[in-house]
Amino acid sequence: MLAFLFRRLIQAFFVMLTISVISFAIQGKLGDPVQQMVGMTVSPAERAHLRQELGLNDSFAVQYWHFLKNAAHGNFGISYYYKKPVLDLIFERMPATLELAFCAIILVAIFATPFGIYAAIRPRSLLSRLIMAFSTLGLSVPIFIVGIFLVYVFSIQLHMAPSFGRGHTVDVFGIWKSGLFTKSGLHHLMLPSITLAFALMPIFIRLIRSEMMEVLHSEYIRFAWSKGLSTNRIYFIHALKNTMLPVITVGGIQAGTLIAYTILTETIFQWPGMGFLFIDAVSRVDTPLISAYLMVVGGIFVTTNTVVDLIYGLVNPTVKLENHGL
Amino acid sequence: MNLLTVNNLNVSFRIKGIELAALIDVSFTLNRGERIAIVGESGAGKSILGLSIVNLLDKPGYIKSGSVKLENKELSKMNTRQLQEIRGKRIAMIFQDPMMTLNPVLTIGAQLVEAIRSHTRISFKDARNIAIEKLHSVQIASPERRFDQYPHELSGGMRQRVIIASVLLLNPDIIIADEPTTALDVTIQAEIIQLLLDVCHDNSMALILISHDLGVVSRVAERTLVMYAGRIVEEAPTLELINDPQHPYTQGLLNALPQMSLPGQRLNQIRGNMPALNDRPSGCAFHPRCPYATQKCRTEQPNFIYNGISSVSCFLVEDMLEEEKSEEDIDLLDIEYTTSHDEGQA
């Protein structure tokens, strides 16, 4: 277990290094930050001075080395726009994104699992056909249409849920602004999390259904029937556990994607999270913020995947983490 | 009373509105403690027959007509809940591949205990004791340790022993073993067959062995049924079947054994292949491959006739019997039962 974690840590280091090269390399390609920072009235001499001060005249390698050295100290630079350390900005917004993703994942888990199982057990029933039709619809309708549709119906027409912002938040341990503990916060989470869940739900319903159907045709399920076990025991003990193994793997990757790509949802609902911050940064060519965001998202991916592998090792007895480091 | 009576069983697969018959008018009986074998090529319907006894057929397959009686209980009409009472407790099954038969994510112990606890109200601790005792009885060393292990930690032969142990848990009346040794290597095969024989003998359980290995069959079964294209074509005491096969198909099967050829010679074989379900020849389904086929064989289905020792479904044997009869002018010919697919049971 420890050896596995150690190997994973080394692996993660190289992954992060690669991400850092990519996220730093785009800094020079997004236009002139000086142009964005100062007004039209600033003289060319002053601009040149600013460029020198920001280190924009150094060679790529030198600039990258500086970037890396600072990054190792947790310093990803100062946002050109906010004039604050970018990491602080991101961490300030992170709770909003994580809470949104968390609620979406909970919704997916609550609905996709029973729907998928049902569609596998009774593939010909009317409800199964409806579930599959819904999942096809969900796969083909883009998330921003779903979001806008929900806003139109539930906010504008029915006045059931607010359409933007996080509502009231409370401080947890002084560092985490949470919307999970106030009525208004939960109320505001409703539409964004449903929208986000809608994007993931179809994939999971289909995955669980097809895995479950495959498992139900396996020899050990037939043997379980031949032992005279109850129907529930066969479906929910024998079949479900085997069904969930691949679902955990895919789920982990999707969870990482979800946290990273809340961007669209956050934009639609003006959700003050990392994704919304990133979109703003892109439109303002706030390169240190963009780089830092990419690094943080990369870190989230690496962490979730490692955690998923750990969980997989615990759930699947045939996997021994010691032997499957890489 | 017979322990198990299968009478005119017809099993079909309905695929896209087309009916494919997998079993046609299959009838046989099994007595308490008796060991019978069902042999035939792949696709003859052996496994389907095994599965349809406890109605474990996969979806497009269904019992079209006929009856399967365990003593006086009609199994073919039971619902799932009623069948669950029978499965495992009265009729248990062993499948071909021990690597695939145990659930990979549940411990050996969990899979044994659940079998007991789903049929009897008993504490986990008592069930565990029974399970360990049964593991011990199938010669598994340190059963307490095996109890907590997962299937992948055991070898193939070991797993088949575990499966046999799990079948013994509830002392069923009948064990249906569908090619229990095919997936194992030869040295282990002999051990597993011996074990199966021993447990049936010790617990006076009846055994239905489904196999294509006539060597194994001759060691195990008292009586053998030969299947071809969904029908039983010959039924005889195993010894008689091997020494004096009546049906040309049975003769072909026995001739195909390597022992029947000289070293260096080509092995004997039955020409052609078993017909597919959707391509069953008219008359006797074996006629395209039969060296003795006549015009009658191509159009008519022979009856299943008892000749005093074995029952055979072949015009050749039928004609021979009739000749004998007219020659000796004796009316003692005792037809125990005649099943044909036009007349049903006479």
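**Figure 1. Confidence of the predicted model.** The model scores ipTM 0.86 and pTM 0.80. In chain B the average pLDDT is 88, and 94% of the residues score at least 70. Residues 335–346 of chain B stay under 50 in pLDDT. For this stretch the model has 23 contacts beyond four places in sequence.

**Figure 2. The eight-stranded open sheet of chain B.** The pairing in this sheet is mixed, and the strand order is β6-β7-β8-β3-β9-β10-β12-β11. At the edges stand β6 (91–94) and β11 (305–306) of chain B; each has a single partner strand, so one side of each is left without a neighbour in the sheet. Five bridges join strand β3 (residues 35–39) of chain B to strand β8 (residues 206–211) of chain B, in the parallel sense. Within this pair, Ile38(B) has Ile210(B) of β8(B) as its bridge partner.

Figure 3. β6(B) pairs with strand β7 (residues 174–178) of chain B in the parallel sense, over four bridges. Opposite Ile91(B) stands Ile174(B) of β7(B). From β6(B), Ile91(B) and Met93(B) point one way, while Ala92(B) and Ile94(B) point the other way. All of these residues are buried.

**Figure 4. Antiparallel partners of strand β1 in chain B.** Strand β1 (residues 4–15) of chain B runs antiparallel to strand β4 (residues 61–70) of chain B, and eight bridges join them. In this pair the bridge partner of Val6(B) is Val68(B) in β4(B). β1(B) also pairs with β2(B) in the antiparallel sense, over nine bridges. Here Leu9(B) stands opposite Val26(B) of β2(B). The hairpin of β1(B) and β2(B) has two residues between the strands, and Lys16(B) in this hairpin takes a positive phi near 50°.

**Figure 5. The contact between the two domains of chain B.** Chain B is divided into domain 1 (4–228) and domain 2 (231–268 + 282–337). Taken over C-alpha atoms, the centres of domain 1 and domain 2 of chain B are separated by 30 Å. Domain 1 of chain B gives 16 residues to the contact and domain 2 of chain B gives 18 residues. On the domain 1 side, the elements that give two or more residues are β2 (18–30), α9 (214–220) and β9 (223–228) of chain B. β9(B) has the largest share of that side, six residues. By class, the residues on the domain 1 side are eleven nonpolar, two polar and three charged.

**Figure 6. The contact between chain A and chain B.** This contact takes 20 residues from chain A and 25 residues from chain B. On the chain B side, α2 (80–86), β6, α3 (98–101) and α4 (108–117) of chain B each supply at least two residues. α2(B) gives the most to this side, with four residues. The chain B side has twelve nonpolar, eight polar and five charged residues.

**Figure 7. The largest nonpolar core.** This core has 150 residues, of which Ala104(A), Tyr293(A) and Ile175(B) touch the most other members. Helix α5 (residues 86–121) of chain A supplies the largest share, 15 residues. Both domain 1 (4–228) and domain 2 (231–268 + 282–337) of chain B give residues to the core, so the core lies between them. Leaving out residues up to four places away in sequence, Tyr293(A) touches Ile90(A), Met274(A), Phe278(A) and Ala281(A).

**Figure 8. Two loop residues of chain A with positive phi.** Most residues other than glycine have a negative phi. Lys83(A) is not a glycine, yet has a positive phi of about 55°. Lys83(A) is found in the loop between α4 (60–72) and α5 of chain A. With 8 other C-beta atoms within 10 Å, Lys83(A) is exposed. Gln270(A), also a residue other than glycine, has a positive phi near 50°. The loop that holds Gln270(A) is between α11 (263–268) and α12 (274–283) of chain A. Gln270(A) has 12 other C-beta atoms within 10 Å and is exposed, because a residue counts as exposed at 12 or fewer.

Conventions:
Residues are numbered from 1 along each chain as its sequence is written. Chains are lettered from A and ligands numbered from 1 in the order in which they are written. This is a predicted model: local features need pLDDT of at least 70, side-chain atom pairs count only at pLDDT 80 or more; totals for chains, interfaces and linings use all residues. Two strands pair if DSSP finds at least two bridges between them. Domain bounds come from an automatic or database domain assignment. Two residues are in contact if their C-beta atoms, placed from the backbone, lie within 7 Å. Ala, Val, Leu, Ile, Met, Phe, Trp, Tyr, Cys and Pro count as nonpolar, Asp, Glu, Lys and Arg as charged, and the others, Gly among them, as polar. A nonpolar core is a set of buried Ala, Val, Leu, Ile, Met, Phe, Trp, Tyr and Cys residues joined through C-beta atoms within 7 Å. A residue is buried if 20 or more other C-beta atoms lie within 10 Å of its own, exposed if 12 or fewer, and partly exposed in between; C-beta atoms are placed from the backbone. pLDDT is the predictor's confidence in each residue, from 0 to 100.
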